[in-house]
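This briefing is meant for a reader who is meeting the structure for the first time. Please look over the sequence and the model shown here before reading the notes that follow.

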Amino acid sequence: MQQKSLHNAMSIALACKLYSSEHDGNFPKKLDDLIPNYLVTREVVASPLAPDKNTWGYDYFGGKDSDPPEKIRLRSHYAINVKRAVVFCDMRGAWVKDTGN
């Protein structure tokens, strides 16, 4: 489930990047804006870690293509062993220790 969560986060981030390429560098205001043109189904935004598989499982922070690379674009809402799947603005994906924010 850990790999699936990071994979989903990376897929969402890629969809956001594609969206921004068609919207003057602006990322969507909300993840709903990606469906169905950039994400075919809502299943990708559901967390494999959530008790309810219909729950959206990622915190999304929007932004622009010009955001600094170290800014977090997206993170999993649910932690595993106090770590969350995170995708940064430069499209790096990683498991990062949850700081409680």
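Strand 1 and strand 2 (residues 72–76) run antiparallel and are joined by 3 bridges, where strands are DSSP runs of E with at least two residues, helices are DSSP runs of H or I with at least four residues, and both are numbered from the N terminus. Two strands count as paired if DSSP finds at least two bridges between them. The model is a predicted one, in which local features need pLDDT of at least 70 and side-chain atom pairs count only at pLDDT 80 or more, while totals for chains, interfaces and linings use all residues. Residues are numbered from 1 along each chain as its sequence is written, and side-chain values use heavy atoms, with hydrogens and water left out.

**The sheet**

- Strands of a sheet pair through backbone hydrogen bonds, in either a parallel or an antiparallel way.
- The open sheet here has 4 strands in the order 1-2-3-4, and their pairing is antiparallel.
- Strand 1 and strand 4 (93–97) stand at the edges with a single partner strand each, so one side of each has no neighbour in the sheet.
- Within the pairing of the strands, Tyr60 stands opposite Leu74, which belongs to strand 2.

**Salt bridges**

- Side chains of opposite charge can pair when their charged atoms come close.
- A search of the whole structure finds 9 salt bridges, each being a side-chain nitrogen of Lys or Arg within 4 Å of a carboxyl oxygen of Asp or Glu.
- One of them joins the side chains of Asp59 and Arg75, with 3.2 Å from N to O.
- Asp59 lies in strand 1 and Arg75 in strand 2, so this pair ties together parts that are 16 residues apart in sequence.
- Asp59 is buried, with a relative accessible area of 18%, and Arg75 is buried as well, at 16%; buried means under 20% relative accessible area, exposed means over 50%, and partly exposed lies in between (1.4 Å probe, protein chains only).
- Salt bridges that share partners join Asp59, Arg75, Arg84 and Asp98 into one network.
- Asp33 forms a salt bridge with Lys30, their closest N and O atoms being 2.8 Å apart; Asp33 is partly exposed at 26% relative accessibility, and Lys30 is partly exposed at 45%.
- Asp67 forms a salt bridge with Lys71, the closest N and O atoms lying 3.2 Å apart, and Lys71 counts as partly exposed at 27% relative accessibility.

**Aromatic rings**

- The count comes to 1 aromatic pair, under a rule by which rings of Phe, Tyr and Trp (its six-membered ring) pair if their centres lie within 6.5 Å, with planes under 30 degrees apart counted as stacked, over 60 as edge-to-face and the rest as tilted.
- The rings of Tyr19 and Tyr38 have centres 5.4 Å apart and planes at 65°, so the pair is edge-to-face.
- This pair links distant parts of the chain, since Tyr19 is in helix 1 (residues 2–21) and Tyr38 is in the loop between helix 1 and strand 1 (58–60), 19 residues apart.
- The charged end of Arg73 sits over the ring of Phe27, 3.7 Å from its centre, and Arg92 lies over the face of Phe88, at 4.2 Å from the ring centre; this requires NZ of Lys or CZ of Arg within 6 Å of the ring centre and within 35 degrees of the ring normal.

**Around Tyr19**

- Tyr19 counts as buried at 13% relative accessibility.
- Leaving aside residues up to four places away in sequence, Tyr19 touches Asn26, Phe27, Pro28, Asp33, Leu34 and Tyr38, where contact means heavy atoms within 4.5 Å.
- The C-alpha atoms of Tyr19 and Leu34 are separated by 7.3 Å, although the two residues are 15 residues apart along the chain.
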